[in-house]
Amino acid sequence: MKLTDEQLSEALSVSEEHPVLKAIGQLIDDTLRDEVHNAIIPSLSAEDRAYNAGRAAAIKDLIAQISALRNGRELTSGQF
């Protein structure tokens, strides 16, 4: 069963100190840092750099979506 935006918002409304939220945040932050690092390696081809930059952008979009849901806002595709 897919959760509604309201259900997602409620599920994410826990404290910043909640262990699950902290774990997810740490995983996302670590992955974003790694993808940004991978995108700026000097020896990369243009294709590999674009691929890694796209992955980092997708992670940033996920962070924005989680933040919006936690703050009771909705994002449209143009706001990512």
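Where is the place of Asn 52?

Modeller: Asn 52 is placed in helix 3, where helices (H or I, at least four residues) and strands (E, at least two) are DSSP runs numbered from the N terminus. The model is a predicted one, in which local features need pLDDT of at least 70 and side-chain atom pairs count only at pLDDT 80 or more, while totals for chains, interfaces and linings use all residues. Residues are numbered from 1 along each chain as its sequence is written, and side-chain values use heavy atoms, with hydrogens and water left out.

With a relative accessibility of 11%, Asn 52 counts as buried (under 20% relative accessible area; exposed is over 50% and partly exposed in between, with a 1.4 Å probe and protein chains only). Apart from neighbours within four places in sequence, Asn 52 is in contact (heavy atoms within 4.5 Å) with Glu 35, Asn 38, Ala 39 and Leu 44.

Helix 2 (residues 19-39) packs against helix 3 (residues 46-70) at an angle of about 155°, and their axes are 8 Å apart (axes are lines fitted to C-alpha atoms, for helices over the stretch in contact, and angles run from 0 to 180 degrees between N-to-C directions). Helix 2 is therefore roughly antiparallel to helix 3 (over 145 degrees; under 35 is roughly parallel, 65 to 115 roughly perpendicular and the rest oblique). On the side of helix 2, the contact includes Ile 28, Leu 32, Glu 35, Val 36, Asn 38 and Ala 39; on the side of helix 3, Asn 52, Arg 55, Ala 56, Ile 59 and Arg 70 are among the residues involved. By class, the contact comprises eleven nonpolar, three polar and six charged residues (nonpolar: Ala, Val, Leu, Ile, Met, Phe, Trp, Tyr, Cys and Pro; charged: Asp, Glu, Lys and Arg; polar: the others, Gly among them).

Glu 35 lies in helix 2 and is buried, at 8% relative accessible area. Not counting residues up to four places away in sequence, Glu 35 touches Asn 52, Arg 55, Ala 56 and Ile 59. The side chains of Glu 35 and Arg 55 also form a salt bridge, at 3.1 Å from N to O (a side-chain nitrogen of Lys or Arg within 4 Å of a carboxyl oxygen of Asp or Glu). Because Glu 35 belongs to helix 2 and Arg 55 to helix 3, this pair ties together parts that are 20 residues apart in sequence. Arg 55 is partly exposed, with a relative accessible area of 37%.

The count of salt bridges comes to five. One of them joins Arg 70 and Glu 16, whose closest N and O atoms are 2.9 Å apart. Arg 70 is in helix 3 and Glu 16 in the loop between helix 1 (5-11) and helix 2, so the pair links parts 54 residues apart in sequence. Arg 70 is partly exposed at 23% relative accessibility, whereas Glu 16 is exposed at 52%. Within helix 2, Asp 30 forms a salt bridge with Arg 33, with the closest N and O atoms 3.2 Å apart; these two residues are three residues apart, about one turn of the helix. Asp 30, Arg 33 and Asp 34 are linked in a network of salt bridges.
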